[in-house]
Amino acid sequence: MNIYVVTVGQRLPSWIGEGYRDYARRLPQQCSLHLVEVATARRGKSGNPAQWQQDECRRLLAAIPANSQVIACDEHGEPWTTEEVAKYLQTWMNEGRDVALLVGGPDGLAPLCLERATRKWALSALTLPHGLVRVILAEQIYRAFSLLNHHPYHRAS
């Protein structure tokens, strides 16, 4: 099974890429994590956030691998505990279906992207920088995998 983090933004600070890669490398092939980046909409004096969201949404939707289940990372989604992430991960692995986690740009995800998703996952009640979301997703997928495999990385009570 492959999990794709399909995200807006291509030129982010190096520490974001390093953090993401650190967790992605720890996962085995049976649950591999892949980063798919699309360009951020060109923002200028003309245009508006809804227009930029739609532009990014078209790119995100085109980048979703065929037959993937789509999960949108959205502040209005369901907050999942680590145990719930592990439960979803187990289900996805049992189904053998790839998963695409959509991460919007600075203005979030357009309504069309949210409609395409089968679930919406709120990572935090905080507003997070969209680049940092990649690291959080990679860490939580790794933590969920560790929990399922009784690895000591996850030490919650």
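This is a short exchange about how the terms used for this predicted model follow from its values.

Me: What kind of model is this, and how are residues numbered?
Reply: The model is predicted, so local features need pLDDT of at least 70, side-chain atom pairs count only at pLDDT 80 or more, and totals for chains, interfaces and linings use all residues. Residues are numbered from 1 along each chain as its sequence is written, and side-chain values use heavy atoms, with hydrogens and water left out.

Me: How do you know that strand S1 and strand S4 pair?
Reply: Two strands pair if DSSP finds at least two bridges between them. S1 (residues 2-8) and S4 (residues 99-103) have 5 bridges, in the parallel sense. Therefore they count as a pair. Strands here are DSSP runs of E, at least two residues long; helices are runs of H or I, at least four residues long; both are numbered from the N terminus.

Me: What is the strand order in the open sheet?
Reply: The order is S2-S1-S4-S3-S5, with parallel pairing. Strand S2 (32-38) and strand S5 (119-122) each pair on one side only, and these are the edge strands. From one strand to the next, the twist averages 30 degrees. Such angles run from 0 to 180 degrees between N-to-C directions, with axes fitted to C-alpha atoms, for helices over the stretch in contact.

Me: Which helix lies across S1, S2, S3, S4 and S5?
Reply: Helix H5 (residues 130-148) does, running at about 170 degrees to S1.

Me: Why is Thr7 called buried?
Reply: Buried means under 20% relative accessible area, exposed means over 50%, and partly exposed is in between (1.4 Å probe, protein chains only). Thr7 has 0%, so it is buried. Thr7 lies in strand S1. Leaving out residues up to four places away in sequence, Thr7 touches Leu35, Val36, Glu37, Val38, Leu60, Val103 and Arg134. Touching, or contact, means heavy atoms within 4.5 Å.

Me: Why is His34 called partly exposed?
Reply: His34 has 31% relative accessibility, so it counts as partly exposed. His34 is in strand S2. Residues up to four places away aside, it touches Asn2, Ile3, Tyr4, Val5 and Tyr20. Its C-alpha atom is 19 Å from that of Arg119, 85 residues apart along the chain.

Me: What makes a set of residues a nonpolar core?
Reply: The members are buried Ala, Val, Leu, Ile, Met, Phe, Trp, Tyr and Cys residues, joined through side-chain atoms within 4.5 Å. The largest such core has 31 residues; Ile3, Cys31, Leu33, Leu89, Trp92, Leu101 and Leu137 touch the most other members. S1, helix H1 (14-26), S3, helix H3 (82-95), S4 and H5 each give two or more residues to this core. H5 gives the most, with 8 residues. Apart from this core lies another, of 16 residues, among them Val6, Val38, Cys57 and Ala117.

Me: Which residues does Cys31 touch, not counting residues up to four places away in sequence?
Reply: Cys31 touches Met1, Ile3, Leu89, Met93, Ile141 and Phe145.

Me: Where does UniProt place the feature "binding site"?
Reply: The unreviewed UniProt entry places it at Gly104, Leu123, Ser124, Ala125, Leu126, Thr127 and Leu128. Among these residues, Gly104, Leu123, Ser124, Leu126, Thr127 and Leu128 are included in the lining of the largest pocket. UniProt positions use the numbering given here, feature names are shortened, and annotations may be inferred rather than shown by experiment. A pocket is an open set of points on a 1 Å grid over the protein atoms alone, where a 1.4 Å probe fits, with protein on both sides within 12 Å along at least five of seven lines; lining residues have an atom within 4 Å of a point.

Me: Why are Ala125 and Leu126 called exposed?
Reply: Ala125 has a relative accessible area of 89%, so it is exposed. Leu126 has 61%, so it is exposed too. Ala125 is in the loop between S5 and H5, and Leu126 lies in that loop.

Me: What is the phi of Asn67, and why is Asn67 called exposed?
Reply: Asn67 has a positive phi of about 65 degrees although it is not a glycine. Most residues other than glycine have a negative phi. Asn67 is at 68% relative accessibility, so it counts as exposed. Asn67 lies in the loop between helix H2 (49-63) and S3.
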